[in-house]
Amino acid sequence: MKLWQKIFLYTLILVMLAVSMTSILLLKNSFSFALNQKKQSVYSEHEFLVTSFKSMMVTERLKENAIVLEEKTLKKFMEDTFGKNAEGNGILFCNTKNEQVYSNREIFVPTGLLEAVKETGKSYMQVDGYQLYMASAESMEGKTYYVVTENDISDVMEIHENMLWQIQVISMACAVLIALILLVVVKMLLHPLKKINEGTRSIAQGNYQERIPERGHDEFTELARNMNRMAESVETNVRALEHVAEDRKHFIDNLSHEMKTPLTSILGFSDLLQIQKDITEESRIEYAGIIKSEATRMRTLSGKLMELITVGETNLDWKEEDMQVLFGEIGVSLQVVTAKKGIALSCSSQKGSLWVDRELFKSLLYNLVDNAIKASRTGSRIQVEGRFGEGQFLVEVLDQGVGIPVEEIDKITQAFYMVDKARSRADGGAGLGLALCKEIVSLHQGTMKFESRQGEGTRVLISMKGGRRDA
Amino acid sequence: MIKILIVEDDANIAKLVEATVAIGGYEGVVCTNGAEAFEKIEHENFDLILLDVMLPDMSGFEIMQKRTNTDSPVIFITAKQELTDKVRGLRLGAEDYIVKPFEAMELLARIEVILRRVKRTENKYSYGNISVNVEEHTCKCNGEEVYLTPKEFEVLVFFIQHKDVAISRDRLLAAVWGFEYEGETRTIDIHIQQLRKKLNLKEKLVTIPKLGYRLESAKE
C-alpha cells in the first residue's frame, strides 16, 4: 500500500471512530438523563397512586365498617377505583402467592421484577420495550401485596431511536466529507514527496546536474535539500572522475603517439635496409643514423616517463639540505652543458637550509635549466637564484630565450605538450620535463609560476614552504 | 610516373615513406604541414595522397573534410588505432587506413591495391625477355605465350613490380593470396619453382636465406 493510502485510511478510521464514540456517548448520556427523569416521574406517580389508594382504602374500610377488608372486597374496590382507567397507566396488584388480584388491563410483568421486590422488600423499576414497569411491596389490610405499574415511555424511546438514526446518517455524511477532505489534504501534503521521488529517480539515472525544487520549510524541503546536497557531491565526484579518466586517456593517447612516431621510423628504415638489394652507402648511413637517433629519442622518452611515474611513488629521502652548497653543485654540473652552447650560467643561493629530497630537487633544476638552454641562443645568459622569503624558499630561473606564447603558458606543464614540436623533437625533448617539474614541486608542497615574453625570455618562479636562512 | 603526395609532420617518417614509395617506382612529394598540404591538394593532381592525421596546424581529417578537389584517392597513415578513428577516416572517404608503425611492403601492397582499384597502374610490364599484360592476363617469353596459373601470374607481377626487393613469404602470401589466407608458406615455394621452370628464371629469382625471394634487375 502506498503511503498516502495508509495515511488516508488510518486517519479516516481514527476520525470516524472518535466521532462515532463521542456521539454514541453523548446519546447514551442524554438518553439515560431522559430516562432518569421519566423514572422519577414514574416513581412519584406510583407513590402517589399507592398512597392515594391506601387512604381511599381506609375510607372504604370505615365505610364498610370492617376491621380488615377481605381480598374479595379489596378486589372489588380496586376494580371500582381503577377499572375505568384502562387507557392511562396500567396497574396490577398481586398477592404473595403470585396470584393476580387485579389489573386494569393485561400486563405482562417482566420476569425477575417481582422476585427482586420479594427478596429485598424494596421497590424496583425495569424497562421492557416501550414500557417502564415499577413494582413495590405494599402492606394492605394485614397482607403484603405487590403493586406493579406499567408506564408508557415510548416518547423517550422514540426520541432515542430517532437520534440514533440521525447520528448514523450524520456519521456517514461526515465520513464521506472527511474522506474527501483527507484525500485532498494528504495528496497535497505528499505532493513534494512525489517531486522528490521523480527528482531522485532522474538523478539516479545519471542526470547528476538535476536538482529537486526546494519550496517551503517542512521536512520535505529538508529532505530535498539533503538530496540536492548529495546529488551535488555525486556530481562533483563523477565530474572529477571523468576528468581524471579524460586526462589519463589524453596522456595515453599522447604517449602512444610519442612512442609510435620513433617506432615507425626505426621499424621502417630497418625494413628498408633489410629488403633492398642495392642500397647506396650514403643511404645506408643515413638510415642507420635515423634509426639511432629515433632509438635515442625512445630511450629519452622511456627514461623521462619512468621518472615521472616513479617520482610520486618512491620513498622520498627528506633531508635538510644546505641550499648554497646544493646550488653550487648543480651550477658546476650544468656549466658543462651551457659552456658547450656558449651560454653564461650563474647559479647561486642565499645561505640557509630547506627540507628537500636532494635528487628530486636537482632533477627539478636540471629540467628547468635544460628548457632554458633549449630556448636560449648562444651568448645569452641563464640565471638561477635561490633566496629565502617569509616562511618560504624561492627559486628563480631566468633566461633570455625565445619565450612562451601567452596562450600556451597554461598548457606547458601538461605531459607531452610541446610549444614547438619540431624543434623540441630536434633537441631530443619528450615533452615531459615540465610535467615532471610540476610533480616535484607539488611533492615539495610548493607552487610554480611562469612569466614570459616572446623573444625576450622566460622567468620561472618556484616557491616552497619552510626553509631556514642562516645569517 | 605515378605521383604520390606524402603529408607527414615527422621528417624521418616522411623520408621513410618517400623511400618506400620509391621502391614501388612511384614519385613521392613530401609535405610537412597541413595548410601547405591542403593548398597542394587543392591545386595539384596526385595519383594518391598518403595523409597523416595528427598534424600540428590542420588535422588530416580536417583536410579531408575541407578539400574540394576529390579526384585523388587518400590513404590515412596514423598512430591513432582506435576503431572510431578508423571508421571516421573511412567515412570521410579515405580508401584505406594504415596504422603506424607499418612495414614497407605492407604500405606498398596497399598502395597498389588502391591504384589498381582506381586504374592508375600500368597494365603492361616487361622484364628482360618476358612481357606481361595484366588486363589480358597473358605472359610472353621471347614472343611466345607461356601458360601460367592465376596465382603464378600474380606472383610474377608482384615480383616484377618489386624488382630488387627482398620479399618475405608472409608478405607474398598476404599480397597474392590475401591477408586472411592461412595456408602454408610452402605453397609459395612451389609457385616460385614453377615460375623458375616456366620462364627460366633460375638465375634471377633468387632465394634469400631466412627471408624469402628476390627478383634481380634484368640488366645484370
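Biologist: Where is A:Gly379 placed in chain A, and does it count as buried or exposed?

Modeller: This is a predicted model, and the reading starts from the secondary structure. A:Gly379 sits in the loop that joins helix 8 to strand 9 (381-389) of chain A. Exposed means a relative accessible area over 50%. A:Gly379 has 65% relative accessibility, so it counts as exposed.

Biologist: How should I read the angle at which helix 5 and helix 6 of chain A cross?

Modeller: Angles over 145 degrees count as roughly antiparallel. The axes of helix 5 (residues 219-275) and helix 6 of chain A cross at roughly 155 degrees and come within 9 Å. The two helices of chain A are therefore roughly antiparallel to each other. Their crossing is left-handed. By class, the contact of helix 5 with helix 6 of chain A has 17 nonpolar, 3 polar and 4 charged residues.

Biologist: At what angle does helix 6 cross helix 10 of chain A?

Modeller: Helix 6 (residues 281-311) and helix 10 (residues 433-443) of chain A cross at roughly 20 degrees, with axes that come within 10 Å. These two helices of chain A are therefore roughly parallel. The crossing of helix 6 and helix 10 of chain A is left-handed.

Biologist: Which residues of helix 6 and helix 10 of chain A meet?

Modeller: A contact list is read from both sides. From helix 6 of chain A come A:Lys304, A:Glu307, A:Leu308 and A:Val311. They meet A:Gly433, A:Ala435, A:Leu436, A:Glu439, A:Ile440 and A:Leu443 in helix 10 of chain A. Sorted by class, this contact of helix 6 with helix 10 of chain A has 6 nonpolar, 1 polar and 3 charged residues.

Biologist: Which residues of helix 10 of chain A are buried, and what covers them?

Modeller: Burial is read residue by residue, then the cover is identified. In helix 10 of chain A, the buried residues are A:Gly433, A:Leu434, A:Ala435, A:Leu436, A:Cys437, A:Ile440 and A:Val441. Their cover includes helix 6, helix 8 (358-375), strand 11 (446-453) and strand 12 (457-465) of chain A. Just after helix 10 of chain A, A:Gln445 takes a positive phi of about 50 degrees.

Biologist: Turning to chain B, where does B:Asp52 lie, and what does it touch?

Modeller: Location, burial and neighbours are taken in that order. B:Asp52 lies in strand 3 (residues 48-52) of chain B. Its relative accessible area is 1%, so B:Asp52 is buried. Not counting residues up to four places away in sequence, B:Asp52 touches B:Val7, B:Glu8, B:Asp9, B:Gly60, B:Ile77, B:Thr78 and B:Lys100.

Biologist: How many helices and strands does chain A have, and how many does chain B have?

Modeller: Whole-chain totals give the background. Chain A has 10 helices and 13 strands, and chain B has 8 helices and 12 strands. Buried residues make up 38% of the 471 residues in chain A and 54% of the 220 residues in chain B. Chain A exposes about 27700 Å², with 57% of it supplied by carbon and sulfur atoms. For chain B the accessible surface is about 10600 Å², and 46% of it belongs to carbon and sulfur atoms.

Key. Residues are numbered from 1 along each chain as its sequence is written. Chains are lettered from A and ligands numbered from 1 in the order in which they are written. This is a predicted model: local features need pLDDT of at least 70, side-chain atom pairs count only at pLDDT 80 or more; totals for chains, interfaces and linings use all residues. Side-chain values use heavy atoms; hydrogens and water are left out. Axes are lines fitted to C-alpha atoms, for helices over the stretch in contact, and angles run from 0 to 180 degrees between N-to-C directions. Helices (H or I, at least four residues) and strands (E, at least two) are DSSP runs, numbered from the N terminus. Angles under 35 degrees count as roughly parallel, over 145 as roughly antiparallel, 65 to 115 as roughly perpendicular and the rest as oblique. A crossing is left-handed if the near helix is turned anticlockwise from the far one by less than a right angle, and right-handed if clockwise. Contact means heavy atoms within 4.5 Å. Ala, Val, Leu, Ile, Met, Phe, Trp, Tyr, Cys and Pro count as nonpolar, Asp, Glu, Lys and Arg as charged, and the others, Gly among them, as polar. Buried means under 20% relative accessible area, exposed over 50%, partly exposed in between (1.4 Å probe, protein chains only). Accessible areas come from the Shrake-Rupley method with a 1.4 Å probe; for residues, only the protein chains shown count as cover.
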